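Please look through the sequence and the model shown below before reading on.

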Amino acid sequence: MSLRNECLGKQNHKTYTIYGSPEKREMTMKMKTEEAQKVYNERAPTVESPFGTFKQFYHIDILFFRGREKIQNIMNL
């Protein structure tokens, strides 16, 4: 008798338990697709660049506000 049969018995599949929120699991599965990776690769230079500018030139490492309007108010100050 092989070790596989000894461990699994009649069961011929493995069971995986994924921990985390359903949203996180959904996003993980989505990011594995080729289309999502293509979109993310296009997003990175356009969206991440302003954050680098804030950090380097304005010495803003953390923004405690969410939403475009609130962030614009802080930047306008």
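## Confidence and helices

The chain has a mean pLDDT of 78, and 94% of its residues reach 70 or more, where pLDDT is the predictor's confidence in each residue, from 0 to 100. This is a predicted model, in which local features need pLDDT of at least 70 and side-chain atom pairs count only at pLDDT 80 or more, while totals for chains, interfaces and linings use all residues. Residues are numbered from 1 along each chain as its sequence is written, and side-chain values use heavy atoms, with hydrogens and water left out.

Confidence in the chain is lowest in helix α1 (residues 3-8), at a mean of 73, and highest in helix α2 (residues 22-31), at 87; helices here are DSSP runs (H or I, at least four residues), numbered from the N terminus.

Helix α3 has 24 residues and reaches 35 Å from its first C-alpha to its last, close to the 34 Å expected at 1.5 Å a residue, the expected span being 1.5 Å times one less than the number of residues. At R43, α3 bends by about 40°, and a proline, P45, follows within four residues; the bend is the angle between axes fitted to the seven residues ending there and the seven starting there. Just after α3, H59 takes a positive phi of about 55°.

## Exposure and distances

The table uses relative accessible area, with buried meaning under 20%, exposed over 50%, and partly exposed in between (1.4 Å probe, protein chains only).

| Residue | Relative accessible area | Class |
|---|---|---|
| E23 | 56% | exposed |
| F65 | 42% | partly exposed |
| M75 | 28% | partly exposed |

E23 is found in helix α2, and its C-alpha atom is separated by 20 Å from that of R66, 43 residues apart along the chain. F65 is found in the loop between α3 (34-57) and α4 (68-76), whereas M75 is found in helix α4. M75 and M31 are 44 residues apart in sequence and 32 Å apart in space, C-alpha to C-alpha.

Terms used: Helix = DSSP H or I, 4+ residues; strand = E, 2+ residues; numbered from the N terminus.
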